[in-house]
Each structure stands twice: as structure tokens, then as C-alpha cells.
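Please read the following walk through the structure with the sequence and the coordinates side by side.

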Amino acid sequence: MEKSIEHFCNLLYQKGINNKDKLIREILRVRITNSKLSEFKNNKDTDPEIVYETMKESTEEILGYFPGDRDFFIEMYSLGKEIDPLEFTIQTYRNDRTGRIIVPKYLTSYLESIIEENSNAKKILITDVEKSLVGIVDIIRKYKNKEFILTTENKLMYILLENSLDSFNNAEIINQSIYKELLLEDKFDLIISIPAFGMKFDIEELLEKKTFITRESDGIAVENLLDNIKKDGFLCAIVPARFAFSGGNFENLRKHILNGFHLHSIHTMPEGTFRPYSGIKTLMMKISRKKNTYIYLGSLSLEKNKLIMSEEKEVNIEEFVKYSDWRIEWFLSDNQEDINKYKRSKVKKIKLKEVAEIFRGKSIMKKDIKPGDIYVLNISNIEDGQILYKDLDTIDEEERKIKRYQLEDNDLVITCRGTINKVAVYKQLDKQVIASANIIVIRLKEKIRSNFLKIFMESPVGKTIIKTFQRGTTVMNINPKDIGEFEIPLLSEGKQEQLIKEYLSELECYTEHINQAENRWNNKKNTIYKGILY
């Protein structure tokens, strides 16, 4: 099959047809033509004129005009008539970065296990079904006693699926967007959705028919689908991790869900599930109309190309909803006791975005590093909570282009990429220093001292909180907007100064003792080495 696909594609490439959607359109043109010819009593696909005319009559109205002459189509038809358009599409969009996600087989298999668990579910909705092409036919074939409604907003994918699933009586394809007002009146026992991640829509377009709480695709999709859950049904959706902790409209959406529905479970997905399309951290949420006493929180991991539950915890739902967000790391952390004490403490707390300007540094390429007057702070320049000023790289750039990234005295800097979190306080130099794009700069306006925030971020509780904002898993990725939701204790300025003084005093004592011990050890080693020679 792969060789046939390769030969078919090469033919189209020679004619300048190399766009993925155009390739799929042409394999569909071949499929539809072949299906139409098979209706004739006599085998007529050997007559080039009949084949060509059949193609024009049966495909051009739905697929558009054919971009070639008769001879080209006959050659294309000959190469493509044995190719399965579904398999062709999967191969064409494999490793695609444009947003047409085709999820790996292990994820489709796990979604099948969810169908298995919900054995009583008779009516199942799978949205944006083109993302689940790998394995979807097997699922529909296996569960013949269930009714599947499959949606796609893409017309080409609608045509593909309509043709690929035309032999199944238990599947219906609908050309419907889940990012606009849904025209589906049916209610479903089970809804499975992997919406587009983080696409923003124009507010005027959204307000044409229905007002949504958020403007982002994943938020709109979840809100839209909630109304189509049956009384005992479930919505299973995979969404970006920020769905669980972002403030503003997403916080309002979480309240909406809790007010009208019930959270059943939240699990983190394995890193890299949606690469190369996206490397962000994602969650699988299950929401129902059925009241539950406990919520299940945990992590899914990939072992031997199979998704398994690597960690799960049962948490009382009343305890869970006391939190303003759904960061399950609170409950899965080894430091949960301290986290709970912090969340329950009567100490007033404030979000970082209320007392600070937060921005990411400038993107600096290797080729930009050269002798110049502008110094650059990067991850490697931060060690043990201190900035190594003498090792800063330089760039040669106009001042007006770097002004917005320039560091000021007492700016707190935190790494937002890499494998470990580093925090430090910048002290003004007699030179211009900017932060690189691997650094988030937190410029506190009032109420909170930079050194106090640094101390809190270094604490076990602070580290756990920061971890909940990571959009990546193994490789850290923190968004400046997300870190604005970081809740910090609002202690009096006097109390902050007292803690800072104690911290710095003990740090100085610790550093002095370390230096003394290192000097003593180095001197002793040298004495021993000399003893070998004399």
C-alpha cells in the first residue's frame, strides 16, 4: 500500500499538486469515480472516455474541477483505484504540524476502552473525528450495537468519511463545527472530543448566534458539548492543562461546569501525545450530569505503546471544589500536607498579576551572539539562586529594539524553559542587560518584595505551585500569562523584610562555611599529594 501511495503522490507532484488537502481531494476523486463505475453492469473502467466522463459527472460538483486532462486522470486513476483513501489520508497527515492532528493508535485504543467501560452507552458522539482516523473504523465495526454520530467541520474530511464509512449502518457523519452554535438536538450517552487547542475566535463572529464564556476553541467546544450529555451520560474531552488553572473566562467556565454538571475525573496525558502538532501538557477530563461523591485524579503514561493508569487518587469532591482551579498536582504532590495548610491558612493571598508586570525576554539566536554593548541573561547564567554576571553573552543591537526587555534593579527572573526551575533577583549593573526568551521577568510594583517572592518560589510549596503552571511535562514550558495566576501570601512589608533578613543572613553564613570547608579540603588534598612525592 505504501508503495502505491508513493507512486500516486509522485505523479501528482510532477503536476505541481503537492498540497495535502489537494492530494486527498484527488484520491477521493478516484474513489468516487471507481464506485460509480462499479454500479455499471458491464466493466467499463477500461474505456478511457467513459472513465473520464464518469469522473466529471460524479465528482466535479462536490470536489471542484479536475486540474488536468483526460490522459492525466486515466494515469492517476490507474495508480490510485486500489488505494484506501482513509489510509492515504493517515499517511499524508502523519507528522503534520499544521493542526490537522491524527492521534496515535494507542490513544484511539484508550478511547475505545472508555467506550468499553461505558457499556450501557448506546448513542456516542465523536467530534472532529478526523483526528481519530487511526482506528475509528475498527471501533465502529466492533460496536455494531451502538449508534455513532461523527462530526467534522472540514468539508473534505466529511466527504472522505462519508465515502469510507458508507457500508456501516451504525455510523452517521455530520458536517458540523463544535466551535459555533451546535445544531445537534440529540443527547448522547457518551461524547468523546479532542478539540483544537488554543485557537481564538473573533468575538463578533461568536456573538452572531450564541454567547460563549471563553473565546478559545477548547473552552467553546467543552461548553457547547455539555448541553448534549444525557442524564446519565459523560463528556470525555482532552484539553490543554491551562484549562484547569487559567483565570478570567476559563475560571468562569469552570464555575459554569461545577454549577450545572459534575466532574468525574481528570488525568494528565503523557508528554508528546500530540507531537509534532503540539508539545503542550494536556488533560483528559470526564464530566457528567450524574452526581458523584468522589473525583478521580491521576496520570496516564505510555508503556509498550499502550496507555495505562500510572497514578490515581480518589478525592472527596467537596474537598476538591474548595479550590478555585483544578490543578490536580495539589492532590498528587508528595508535599500535599504543606499545600493543604497553605491553601487553608488565613494568610491573605494575592495573584501575581495584580502586583507585577510580567513579560518574557527577547528571542536570541546563536548567530546573534557577538561582541556588543547589550548583555544577555540566559538560563546558564543562573546557579544556586544567584546570577553569574561575569559570564553574560553580548549582542550588538539598537537600543530601541531591546528597551522593552531591559532588566531593572530588583527584577525577579524565573526560567520558563529547560528541565529545572531557576529563580534569582537581578541587581542593577552599570551596563544594559536584557533577558532572553528562556526567562520570564517579574517586575513587582508594590506590596511584595522581590527577595520575598524568590524565597517563596524556592520553598516546597512554591515549587509545587510553579510546577502546576508548566505546559510541558519533562521539558518545562511556562507561559507569562499563566504565571500571573500564581497566588502568593500577602504578608506585611515588615514581616517580609524580617524573613528576607533572616534568609540572607543565614545564606551568608552558609556560603562562608562552604568556602571555608572547600579551602580546608583543597589545602589538605595538596598536602597529601605532596606527601606522595617527598
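D384 counts as exposed, because its relative accessibility of 78% lies over the 50% cut-off for that class. In this model, which is a predicted one, D384 sits in the loop that joins β13 (382-383) to β14 (386-387). Most residues other than glycine have a negative phi.

A positive phi is also found at K447, which is not a glycine either and for which the angle is about 70 degrees. K447 belongs to the loop between β20 (439-444) and α16, and with a relative accessibility of 39% it is classed as partly exposed, because that class covers values between the 20% and 50% cut-offs.

Two further loop residues are classed as buried. The loop between α16 and α17 (460-468) contains S459, and this serine is buried because its relative accessible area is 19%, where buried means under 20%. In sequence S459 is 455 residues away from S4, and in space the two C-alpha atoms are 59 Å apart. N292, for its part, lies in the loop that connects β7 (282-288) with β8 (294-303), and it counts as buried at 16% relative accessibility. Once residues up to four places away in sequence are set aside, the residues that N292 touches are H262, L263, H264 and I317. The separation between N292 and E318 is 26 residues in sequence and 10.0 Å in space, taken from C-alpha to C-alpha.

Two packed helices are described by the angle between their axes and the distance between the axes. For helix α16 (residues 450-458) and helix α19 (residues 493-533), the angle is about 70 degrees and the axes are 9 Å apart. The two helices are therefore roughly perpendicular to each other, and their crossing is left-handed. On the α16 side the contact is formed by N451, F452, K454, I455 and E458, while α19 contributes Q496, L499, I500 and Y503. Sorted by class, the residues of this contact comprise 5 nonpolar, 2 polar and 2 charged ones.

Helix α5 (residues 85-92) and α8 have axes that come within 9 Å of each other and cross at roughly 140 degrees, so that the two helices are oblique to each other. Here P85, L86 and T89 of α5 meet M157, L160, L161 and S164 of α8. This contact consists of 5 nonpolar and 2 polar residues, with no charged residues.

Which residues of α7 are buried? They are L133, V134, G135, I136, V137, I139 and I140, and with 7 of its 10 residues buried the helix is mostly covered.

The buried residues in question are V51, Y52, T54, M55, S58, T59, E60 and L63. Helix α3 (residues 48-63) is not straight along its length, for at E57 it bends by about 30 degrees.

These local views can finally be set against the chain as a whole. Its secondary structure amounts to 19 helices and 22 strands, and its C-alpha trace spans about 100 × 60 × 60 Å along the principal axes. Of the 534 residues in the chain, 50% are buried. Where contacts join residues at least 6 apart in sequence, 71% of them link residues that are at least 24 apart.

Methods:
Residues numbered from 1 in each chain as written. Predicted model: local features only at pLDDT ≥ 70, side-chain atom pairs only at ≥ 80, totals over all residues. Heavy atoms only, no water. Axes fitted to C-alpha atoms, helices over the stretch in contact; angles between N-to-C directions. Helix = DSSP H or I, 4+ residues; strand = E, 2+ residues; numbered from the N terminus. Parallel < 35°, antiparallel > 145°, perpendicular 65-115°, else oblique. Left-handed = near helix turned anticlockwise from the far one by under 90°. Contact = heavy atoms within 4.5 Å. Nonpolar A, V, L, I, M, F, W, Y, C, P; charged D, E, K, R; others polar. Bend = angle between axes of the 7 residues up to and from the residue. Buried < 20%, exposed > 50% of the residue type's maximum accessible area, 1.4 Å probe, protein only.
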